[in-house]
Structures are given as structure tokens and as C-alpha cells.
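Trainee: Could we go through this model together, starting with one of the helices?

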Amino acid sequence: PDRFSPLPVEGLEAMLARARQNNPNLERLSQAEAAAEKEKDLARSAFRPKAVVGAAYEGNSDWDGHGAKGYTAAVGLKWEVFDGFAREAKLAEAKIRVRQAEARRRDGEAGVLLAVRKAWLDLDTAVRQVGVVGAEGVFHRMVRDAGRERFAQPGGGAGPRDHRTHLDAVA
């Protein structure tokens, strides 16, 4: 074909969205970040009071089967006042793990973004190069056809050679 039609190039944002969607590493990093957030919430809950509920049944019997039986139930609140700053340390560690997970996820997303941008630029460059080569091909065919016409005319050729040109051998 004499006419060049460029390859369809997907937009950068579409390529980026597809790469994020199909990347299991990013999914794993997002899950690790969510787990770190839950761990932080659990460490934060240590500062709240805890409800305690208990129930018991007790029975005593003597040799003739008679005896005392009783039920006991209890409800209470447990609130730690001082634990040597262990809760604060656990919360600080959990916050650090959340920040680390966020940094790993952002690093993974930056790597995907870099790879997609590079691939998109490589594809765009290739399409442009194909366009240049296609335009050069059209120019060479025009020169070849003009040469054929010139050599096909009487007296246009040089001696007993046929009217083929060097461009015919290349094209």
C-alpha cells in the first residue's frame, strides 16, 4: 500500500490504569498496607476499656444426692491505667509499619508508572519512526516511478540497458 496508516496508540492514562489493574505486586502491597492499618487500629483499641462477662454453675451433692446448686454471673469493665508505656510503644510500632507499607506501595506505583511511561514513549517513538519510514517509502516509490517513466521514453535510457533502476532492486 502506498498510503501509511499509523498504529493506534493507547493513551498514557489508559495504559497506566490497565497496568495498575493487572499488577499482582501492587495488589499485594495494597493488602499489606490494609493489614498494617488494621494492626494500628488494634493497637489503638488497647487504650479503651474492655467489657468482661462471665458465668458459672456450681453444684455440690452429698452421698444421697441432695446438695446445693448455684449459678453465678458477672459483668465488669477492665481498664488498664498504667502498663509501663507498652501500649504506647505498640501503637508507635504499628504507625511505623503503616508508614512503611504506604512507602512500599507508593514505590511500587512509581515503578509501574515509570515502566508504563517508558513503554508508552517507546511505542510512540516506534510509531513515529514507522511514519517516517512510511513517508520515505512513498518518496522512494515516487522517484522510482519517475525514473521508470524517464527510461521508458525513447532515447531516455543510456545504451542497451533495460529501464530498471537501482530503486527497483531496493524496493
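Mentor: Before we start, a residue is called buried here if its relative accessible area is under 20%, and exposed if that area is over 50%. Keep in mind that this is a predicted model.

Trainee: Okay, which residues of α2 are buried?

Mentor: In α2, the buried residues are Leu26, Leu29, Glu33, Ala36, Lys40 and Ala43. Viewed down the helix axis, they fall within an arc of 100 degrees, so they line one face of α2.

Trainee: And what does the face turned away from the buried side carry?

Mentor: That face of α2 carries the exposed residues Pro24, Lys38 and Leu42.

Trainee: What caps the N-terminal end of α2?

Mentor: Asparagine 23 does, with a side-chain oxygen that lies 2.9 Å from the backbone nitrogen of asparagine 25.

Trainee: Switching topic, how many aromatic pairs does the structure hold?

Mentor: It holds 2 aromatic pairs. One of them is formed by tyrosine 57 and tyrosine 71, a tilted pair with 4.9 Å centre to centre and 50 degrees between the planes. This pair links distant parts of the chain, since tyrosine 57 belongs to strand β1 (residues 50-59) and tyrosine 71 to strand β2 (residues 69-78), 14 residues apart.

Trainee: What about phenylalanine 82 and phenylalanine 85, how are their rings arranged?

Mentor: Their ring centres are 5.3 Å apart and their planes are at 90 degrees, so the pair is edge-to-face.

Trainee: Are those two phenylalanines buried or exposed?

Mentor: Both phenylalanine 82 and phenylalanine 85 are exposed, and for phenylalanine 85 the relative accessible area is 53%. Phenylalanine 85 lies in the loop between β2 and α3 (86-152), and its phi is near 65 degrees, a positive value in a residue other than glycine.

Terms used
Residues numbered from 1 in each chain as written. Predicted model: local features only at pLDDT ≥ 70, side-chain atom pairs only at ≥ 80, totals over all residues. Heavy atoms only, no water. Phe/Tyr/Trp six-rings, centres within 6.5 Å; stacked < 30°, edge-to-face > 60°. Helix = DSSP H or I, 4+ residues; strand = E, 2+ residues; numbered from the N terminus. Buried < 20%, exposed > 50% of the residue type's maximum accessible area, 1.4 Å probe, protein only. Arc of directions from axis to C-beta. Polar contact = N/O pair within 3.5 Å; in protein donor to acceptor, adjacent residues only side chain to side chain.
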